[in-house]
Number of protein chains: 2
Amino acid sequence: VANVPTECVIGVDLGGTNLKAALLAGDGALRCETRRVIAGLRTAELLDALADTVCELRERAREPVAAAGFGIACLIDERSGLAASSTHLPIVGVPFAAAMEERLAVPVRVDNDANMALLAELRAGAAADARVAVMLTLGTGVGGAIALDGEIFRGARGAGGELGHIVLDRDGPPCGPGCPGRGCLESFVSGSALARAAAAAGVPAPAGRALDGALVSELARGGEEVALALLRSLGEWLGLGIVSLINVFDPDVVVVGGGVCEAGELFLEPARAVVAERAGAFAGAHVVIRQARFGARAGMLGAALAAREALAGRVAA
Amino acid sequence: VANVPTECVIGVDLGGTNLKAALLAGDGALRCETRRVIAGLRTAELLDALADTVCELRERAREPVAAAGFGIACLIDERSGLAASSTHLPIVGVPFAAAMEERLAVPVRVDNDANMALLAELRAGAAADARVAVMLTLGTGVGGAIALDGEIFRGARGAGGELGHIVLDRDGPPCGPGCPGRGCLESFVSGSALARAAAAAGVPAPAGRALDGALVSELARGGEEVALALLRSLGEWLGLGIVSLINVFDPDVVVVGGGVCEAGELFLEPARAVVAERAGAFAGAHVVIRQARFGARAGMLGAALAAREALAGRVAA
């Protein structure tokens, strides 16, 4: 057990709307969780907000912070280290890891946010022991990640695992900034899609609340009929996407995480029904579809674990 | 070079309609190619036809035959070795490799037909040097295969790579026997789908010819307008499927093979246009979409190569 690294590290999850961060202490617990809204920030403001958040956490730590990991809603070009494409963040072309190392003066590890979330589930959560695991994170967009034999699969240049952009409807709605597709999975099952569907259905938001995916989930958990029907429909589209992923990967487990997943079984049960009806019988009979163990915290935790694993690699090398 | 195996082996490609087989001689050339129609045969008849074909080839060989490889349009359960599910062949539950070894008294290697085709392209064809390669074989059905770092990816239990069964249309046509899905890629781009579309469009078959995918390709190559339009439409659906595969795998290359691929650019050009319009920009900019080098022979050649590689593994072990 001498090889298990236990340095204190910081994990940051940068989604399309929120930045979440925490300390991962030597004892394995996430501490001092913090959150900021970053929607609408420009590039320099966003990088400042990230650095400020990490510095604040570092001041609150009781031990020295050895590294920081960032899961960001973005493709990272493996060859250049540049942020290559992002649907929701103004960081395309930014050498993200280098920019953060310069500001923070600790080793920085960067990866796609969904890859980080799956790493957490793989090391200690819903995908532990899986040879083949697939994850979908339902947030502002839909992130995707694939793990094969314990390692994240990134494709030939880092752009693999964009599972939110499998096509479910040739004539569906345009996907959004950063994706030229139409009718992608993300168009149907993201928090944004849920909010749009709720607005179209005339779901009323309580005074002072924005009608977002989290609110629709909350209303559904409270028994609101229209919100429940919207989550059921989201679950059916999710199930259709999972059918494709099962036929492609024959996975041991499909993990569903992200902010929307707090509504859990309200959409996973209809998703499982579609899978039972439509997926290839052999692969479909074995696969387990479950919520992320670490829920919306998986991204932060995975980013911290990745930073630690990179340190361990550096020491070993 | 002493490690490159050069035994004479037999490769068999068992699709939904035809059985094709050949000798792979010590000099690397495919010889004595042969073909039989197997559509409609029952299980015992099919196994007899396979064994007969191999025995005939063995009699024609000038050297002893060391092994036989079979690519079959079927899922193979990696744990039990049983044929687990097949859309087009009556062999579910058959311990295929054991049954053939008993009849042939040589080592037998069995895998999905599309996996065998990709192995040939990977070792010496359109996917040589690719870190991440994806293949679609358009025949009676649509086979799929994935190669990562030079090896075929099979999923957790052997059912991975069923790329013909990614969903493109939630409300599309039922996929067919063996797949409970609707609107799968296979429903739109197989030879059978092409023949159905041609029949619906009133394309006339010359006297004595069946209106199948090969005939529609032939008519299109001859300039027949309706056949050309059908191949263009097939190419657009194919492109939509390839968009999903690019977003999932970020591949170096997508190889298109199988019987329908003889019509080549008539459908690959429209497929590439859809990819250029809809795939993620970063992954889409790098990927190459090309025909199988070995065309409809890739399955046979890959099966023979797999048999040889298995022999080499056995000697080394």
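Trainee: How many positive and negative side chains does chain A have, and how far apart do the centres of the two sets lie?

Mentor: Lys and Arg count as positive and Asp and Glu as negative, with His and the chain ends not counted, and each charge is placed at NZ of Lys, CZ of Arg, CG of Asp or CD of Glu. In chain A there are 28 positive and 36 negative side chains, whose centres lie 2 Å apart. This is a predicted model, in which local features need pLDDT of at least 70, side-chain atom pairs count only at pLDDT 80 or more, and totals for chains, interfaces and linings use all residues. Residues are numbered from 1 along each chain as its sequence is written, chains are lettered from A and ligands numbered from 1 in the order in which they are written, and side-chain values use heavy atoms, with hydrogens and water left out.

Trainee: Where in chain A is confidence lowest, and where is it highest?

Mentor: Where pLDDT is low, the predicted coordinates should not be read in detail. With pLDDT being the predictor's confidence in each residue, from 0 to 100, chain A averages 91, and 97% of its residues score at least 70. Confidence in chain A is lowest in strand β6 (residues 83–85), at a mean of 80, and highest in helix α7 (residues 225–249), at 97. The model as a whole scores ipTM 0.93 and pTM 0.93.

Trainee: How many helices and strands are there in chain A?

Mentor: Helices (H or I, at least four residues) and strands (E, at least two) are DSSP runs numbered from the N terminus, and chain A has 10 helices and 14 strands. The radius of gyration of chain A, taken over C-alpha atoms, is 19 Å, close to the 20 Å given for 317 residues by the globule rule, so chain A is as compact as a globular protein of that length; that rule is 2.2 Å times the number of residues to the power 0.38.

Trainee: Is M116(A) buried or exposed?

Mentor: Buried means under 20% relative accessible area, exposed over 50%, and partly exposed in between, with a 1.4 Å probe and protein chains only. M116(A), which lies in helix α3 (residues 113–124) of chain A, is buried, at a relative accessible area of 1%.

Trainee: With which residues is M116(A) in contact, leaving aside its neighbours within four places in sequence?

Mentor: Contact means heavy atoms within 4.5 Å, and the partners of M116(A) include F70(A), R109(A), D111(A), A298(A) and A306(A). M116(A) and L301(A), 185 residues apart in sequence, are 7.7 Å apart in space, C-alpha to C-alpha.
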